[in-house]
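Have the sequence and the 3D view open side by side, and let us walk through the fold together. We will go from the whole chain to single residues.

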Amino acid sequence: MQLFNPARAAAIAGAFVLLVAGCGGGSDATSDAAAVTATDAATDAESVAAEEVPLAHAAGYVVATQELLSNVLFSTGSTSWTLSDAALVPSELRVGAKALNIGWMATQALSGTALTPGKSYTLIVKARADRTGGTSKISMRFRKPAYSESIRTFPVPVTATAYQDYRIEFTAPTYAAMADVVIVASGTRLIVDSVSLKMRAAIAQTEPITFSAGSYVPAGYTLAFNDEFTGGSLKRSKWFTRYIYGGETQDHLNDEKQRYRDNNNHMVTSGVLKLTARKVSSDDPDGANYESGMIRSDWTTRYGYFEARVKMPSGRGAWPAFWLTSDVASDGRLSWPPEIDVFEFVNNGVEDRINMLHSNVVKQTPTTTSNLLYADPAFSATSTAYYAPFNFNEGWHTVGLEWLPDKVTVYVDGLKLYTRTYQWVYADGTLAAPAHIMLNLAIGGSWAGRYGIDDSAFPQALQIDWVRAYKKNS
């Protein structure tokens, strides 16, 4: 979403300020960069190995059976638990035992080595609400060192007044040294009888593919992650719906006029995800009169082949994108860039129209080079856009990215648009963390909204048939 070209130079400068200063996650980019030493370079190989662990999400490993939480039956009172408006009470299920009555919050922080990046776990909390209503939830949360901001939160709501086993299945991210279980009561008190956290077999990151029309995968690749958008709702185990920055709360970039929400903005029907934008007001002081949807993958990787089959919205002011940015590194660092913009579909009705598709990389510094090695005649190096012989909103099209350690190549419907050099490093030159996948529908801003936003086009959606990622065979 931070495409570098002459038309957007000012907007990009603003984007860097936002990501570095406007969101807590980005602000440690400066301090982290300053802390880099020669030792970091000397241990680069070790760091790479550690950060590649999540690539084994679906690989087999020996499952350890030990309990990873302490005092799971509250037999030693509140030992290991941090309580706020919570008290021990007699268990209603176990004679002579204890339970926890929570009016606000109970948390338990895990040791820094309790969870292994790339391995999967199951959290089970036996609990009930003391009355109906409320918005109580149980969460497995991961944070990063700078500002202790969250980077992954896996929640489950607690609604029943009868005891149930509330279960959360998750895979530990690249940085798993700051993890905790969080139980929050809201609008009701929660009675927690027991808690358990144990390792489980690896959670599969792939699912069956039943429709392959439009897929153009180069030879030598194996499926590693995909979502075919089956079922009736977004798979929250695979996707988050905000940026990772600002403790997972950042809901827009720069001067975009939408805010990412969960008000039916991620509609799944007939095997298609619709990231849906609506106009919700006319008088927002910042002009943010729109709500929309985005997805950010829990799964992360470096290098591979990525593709999505999409159908674009048509309204002036729409700005959907498919892109990769760095997640949190094995040392807890979160920094930007690098970034690869697989596509940005910008419709401002004048310079950028519905037959154009932008694609580029974000350079780490003003002196960073990214040389174009090949370009199709219909791809402009100046505007970094493909001028198609069709309109992208009138049908389904597959956009693919082959990402290698030294270059990237982008395809549309199997047509190679360009190849350019690019290295996945931070501004200080060190290898960046594995990337997560994002697709979103932004609205307005100085690029897409340069000539206004067509309110008559709402609601409108970026439609996604599937998202797939492949790893190169060794």
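This is a predicted model: local features need pLDDT of at least 70, side-chain atom pairs count only at pLDDT 80 or more; totals for chains, interfaces and linings use all residues.

Residues are numbered from 1 along each chain as its sequence is written, and side-chain values use heavy atoms, with hydrogens and water left out.

Start with the chain as a whole. It holds six helices and 27 strands; these are DSSP runs, with helices (H or I) of at least four residues and strands (E) of at least two, numbered from the N terminus. Of its 474 residues, 53% count as buried, where buried means under 20% relative accessible area, exposed means over 50% and partly exposed lies in between (1.4 Å probe, protein chains only). Taking contacts (heavy atoms within 4.5 Å) between residues at least 6 apart in sequence, 74% join residues at least 24 apart.

In soluble globular proteins, nonpolar side chains tend to be buried together. A nonpolar core here is a set of buried Ala, Val, Leu, Ile, Met, Phe, Trp, Tyr and Cys residues joined through side-chain atoms within 4.5 Å. The largest such core has 60 residues, and Leu115, Leu123, Met140, Phe142 and Ile183 have the most contacts inside it. Another core lies apart from that one, with 54 residues including Ile295, Val408, Trp424 and Leu441.

Next, the largest pocket, with a volume of about 650 Å³. A pocket is an open set of points on a 1 Å grid over the protein atoms alone, where a 1.4 Å probe fits, with protein on both sides within 12 Å along at least five of seven lines; lining residues have an atom within 4 Å of a point. Grid points are joined across faces, edges and corners, and the volume is the space filled by probe spheres set on the points. Among its 24 lining residues, Thr153, Phe154, Pro155, Arg236 and Phe240 are the closest to the centre. Strand β5 gives the most to the lining, with six residues.

Now look at Arg242, in the loop between β10 (239-240) and α5 (245-248). Arg242 counts as buried because its relative accessibility is 18%. Its side chain makes a polar contact of 3.1 Å with the side chain of Thr241; such a contact is a pair of N or O atoms within 3.5 Å, where, within protein, one must be able to donate a hydrogen and the other to accept it, and residues adjacent in sequence count only if both atoms are side-chain atoms. The Arg242 side chain also reaches the backbone oxygen of Tyr260 at 3.2 Å.

Thr122, in strand β3 (residues 120-129), is buried too, because its relative accessibility is 10%. Its side chain makes a polar contact with that of Glu169 (2.5 Å). Thr122 and Ser196 are 74 residues apart along the chain, yet their C-alpha atoms are separated by 8.0 Å.

Finally, some backbone details. The peptide bond from Trp336 to Pro337 is cis, with omega near -10 degrees, and the bond from Phe458 to Pro459 is cis, with omega near -5 degrees. Phe229 has a positive phi, near 55 degrees, and counts as buried because its relative accessibility is 1%.
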